[in-house]
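Colleague: I should like to learn how to read the features of a model such as this one. May we take them in turn, with the general idea ahead of each case?

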Amino acid sequence: MRLTSELKSQSVLLLLAAMLTLCCLATHPLFAADVPAADAVPFKIDPPFTWNRTDRYVPPDFDSFFPDDTEGGKQLDLLLEGKLQVTGIDARLALIRRGLRHCTKHRTTLLGQVGNQYIWNREQQDPRAIELMYQASASDDSGVAHYAMYHGPTVVSDRSANLVRMLMDKYPSLDAQMQQRIAWGMQTYGDKEQTRKLLLGLLSDYQRLNDSTIGAALETYQAVFKADPPEVSRFNDVGLWVIGFHRSDVSATHPRAAEILREMVTKPLRGQEEMLLEFVTRVNEGRESAVVLLKGLKARRLLVDYLEKRNYTKLDFNELFSARVLQERRLQEFARFLPEGAPASRLPAYTRPPADETYAYQAPEFVAPDYQSYFADDVPAGKKLDELYENREKLELTDRELLVAFRRGLRHSSSPNTMFGWISGALGWPRDPRLTEIFYQAIDPKGPENVRKAALYYGFGLGTDKTRNVLRALFHVYMAPPFDDTTNRNMRSRILWSVRDHEDDKYYLSTLFAEALREHARLSDVALQQADSAYKQLTGEDPPNAKEYSSRGVYLVMFGVKYASTIPASKEYLSQRLGDSPHLLTKKFREEKGEVSVMVLVRGTAGLKWMINNLQEQPALPIYFAGLLTPELIEKGDHLQEFKKFLPVEPPGKN
């Protein structure tokens with residue numbers, strides 16, 4: 001029975017994977033014996049190491065550490081293909097060092113494996129592997145640098161002054177996720193008091209460090225220890241800090257919006273106006289938002305403390321200023337404050353969206369998204385959009401021009417998922433209403449599924465503002481076929497996840513599912529199950545009219561009978577245990593490799609609950625599967641064909 005075997009074997013596969021991992025470690029132990037001197041390993045990683053040297057700070061240097069060795073790249077490719085055997089940790093790491101620059105077989109995955117095998121969560125972390133990852137973190141390839149940092153320096157337990165200095169030097173250029181990982185690693189691994197001493201030691205030498213490194217150390221100390229370092233007033237004049245905020249009661253159409261927000265900045269800084277270097281406003285999600293650049297930690301603390309005490313005021317971000325922040329927030333007005341040599345932003349310049357434009361997602365009455373009407377059927381425009389993406393580092397378009405090109409070219413672009421990922425990053429903040437409209441029109445349930453999934457993923461995730469129209473459109477996406485797990489499980493779970501932290505949105509969405517369930521006769525069994533499940537997840541309760549449809553649908557439950565070794569014995573045991581219940585439709589027994597498994601069909605969710613409760617009573621029986629019987633499920637199982645007669649005949653037009 002293929003389906004039963006597949007379900008039962010999942011836990012076995014996990015066990016096998018663990019055993020294979022142990023075998024690999026046995027073949028290549030963390031600290032293998034050194035090879036004989038006669039077999040000297042070229043580019044072997046020997047101490048003293050840069051990452052933990054104590055005489056002076058040496059930053060990572062990818063070009064000096066990793067040779068320009070084409071032949072080494074070929075050999076590393078062969079190793080990854082299983083066509084070359086290398087014995088011992090020294091030889092393995094040396095080959096990675098030799099070949100990384102010219103390796104063509106997923107360098108990022110390779111570095112992840114190095115970190116997982118020799119550093120992350122290891123009781124004894126290999127200093128040679130740490131050195132390799134330390135140096136690789138300086139790669140010009142963003143993927144290589146990211147994976148090296150993620151799986152290496154951020155999770156080292158026995159930290160050194162050099163390692164901490166490197167992390168703080170790189171901190172301003174890292175994305176928010178990696179900055180958070182640095183703090184998480186310091187909270188999770190190693191001696192926290194030793195980490196405290198290292199950060200304080202770095203801060204004690206602040207006069208020889210640049211403001212960005214000091215600012216990074218201050219940020220990290222606060223994140224790790226939830227407190228300011230001693231004598232924090234030493235750093236009153238240190239760092240450039242960028243703060244974004246808005247007031248929920250001030251819209252972008254208010255005639256004095258910018259003036260009101262500026263007054264909220266100047267009031268706490270009265271008498272110290274020189275600390276305010278720049279002030280701009282943006283329109284984000286229909287609200288007027290302020291962005292300020294401040295000089296010094298003192299100014300930052302004064303403003304943040306003031307804003308956090310104001311009603312209707314919310315911080316959008318509060319971070320150390322860097323070239324990365326300028327690029328991601330599209331703050332070209334702040335570029336003159338970057339250190340000399342910092343890169344100019346390559347993202348489209350910000351333009352204020354038109355105030356008089358109307359959008360379907362904001363309409364007072366529900367206007368359904370319409371993929372076919374909104375996106376142009378323009379083949380040349382699709383090619384043009386692909387070209388813009390290929391040359392995205394050199395774009396000279398405004399955000400308005402890019403949005404027009406995106407709308408015209410999406411239908412015939414090579415990869416909608418890639419395009420949505422790109423535009424959400426390029427124009428993510430401030431969120432232009434025209435971009436939100438594009439996301440909205442793209443989640444049309446009648447449009448292409450890959451477009452719908454990409455727009456949902458990048459446009460309406462956790463933390464995004466959602467109008468009633470957006471929530472209603474997401475409801476229609478949730479209730480639209482196809483219903484098979486392979487294509488829609490992630491999409492549906494993501495819709496519910498996206499409203500997790502907003503009670504009003506959860507409540508409104510739950511009312512839509514409750515409304516659909518009141519008309520349950522119009523729903524197919526599978527659509528009914530989806531709506532019922534969504535309501536329960538959103539509210540934690542059964543729908544008010546759950547009993548009305550509790551007998552709808554046929555459910556399959558697969559389980560084992562470990563107290564009987566033969567089919568006749570299993571039949572007798574279950575006959576006594578289950579009795580003659582009206583929930584039961586049929587039972588099927590199968591013996592496989594000395595084990596008896598049973599397939600039971602029950603009527604409706606009431607039958608499913610009864611069956612699960614019975615099997616969980618002592619002595620409990622192992623449940624392999626429990627779910628709605630569907631045509632797709634029957635097709636997956638070799639021995640489910642005879643259950644076709646139990647499938648309901650759905651009238652045409654049912655969802």
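Colleague: In which loop is Pro482 found?

Modeller: Pro482 is found in the loop between α21 (468-478) and α22 (485-497). Helices (H or I, at least four residues) and strands (E, at least two) are DSSP runs, numbered from the N terminus. Please note that this is a predicted model, in which local features need pLDDT of at least 70 and side-chain atom pairs count only at pLDDT 80 or more, while totals for chains, interfaces and linings use all residues. Residues are numbered from 1 along each chain as its sequence is written, and side-chain values use heavy atoms, with hydrogens and water left out.

Colleague: Which peptide bonds here are cis?

Modeller: Most residues other than glycine have a negative phi, and most peptide bonds are trans. The bond from Pro481 to Pro482 is cis, with omega near 5°. Another cis bond joins Gln618 and Pro619, with omega about -5°; Pro619 lies in the loop between α26 (604-616) and β8 (623-628).

Colleague: Where is Glu231, which has a positive phi?

Modeller: Glu231 has phi near 55° and sits in the loop between α11 and β1. At 59% relative accessibility, Glu231 counts as exposed. Buried means under 20% relative accessible area, exposed over 50%, and partly exposed in between (1.4 Å probe, protein chains only).

Colleague: How many residues of helix α11 are buried?

Modeller: In α11 (residues 211-225), 11 of the 15 residues are buried, including Ile214, Leu218, Tyr221 and Phe225. Their cover includes α8 (161-170), α10 (192-204), β1 and β4; contact here means heavy atoms within 4.5 Å. The expected span of a helix is 1.5 Å times one less than its number of residues. For α11 that gives 21 Å, and the end C-alpha atoms are 21 Å apart, which agrees.

Colleague: Which strands pair with β1?

Modeller: Two strands pair if DSSP finds at least two bridges between them. Strand β1 (residues 240-251) pairs with β3 (residues 287-295) in the antiparallel sense over 8 bridges. With β4 (residues 313-320), β1 is joined by 7 bridges, again antiparallel. Phe245 illustrates both pairings: its bridge partner in β3 is Ala290, and in β4 Leu315 stands opposite.

Colleague: Is strand β2 largely enclosed or open, and why?

Modeller: Strand β2 (residues 276-284) is largely enclosed by the rest of the structure, because 8 of its 9 residues are buried. β2 and β3 run antiparallel, joined by 8 bridges, with Leu276 opposite Leu294. The two strands form a hairpin with 2 residues between them, and Glu285 in the turn has a positive phi of about 55°.

Colleague: What lines the largest cavity?

Modeller: On a 1 Å grid over the protein atoms alone, a cavity is a set of points where a 1.4 Å probe fits but cannot get out, and lining residues have an atom within 4 Å of a point. Grid points are joined across faces, edges and corners, and a volume is the space filled by probe spheres set on the points. The search finds 1 cavity of 30 Å³ or more, with a volume of about 60 Å³. Its lining includes Asp525, Tyr549, Arg552 and Leu628. Helix α24 (residues 525-539) gives the most to that lining, with 4 residues.

Conventions. On a 1 Å grid over the protein atoms alone, a cavity is a set of points where a 1.4 Å probe fits but cannot get out, and a pocket is an open set with protein on both sides within 12 Å along at least five of seven lines; lining residues have an atom within 4 Å of a point.
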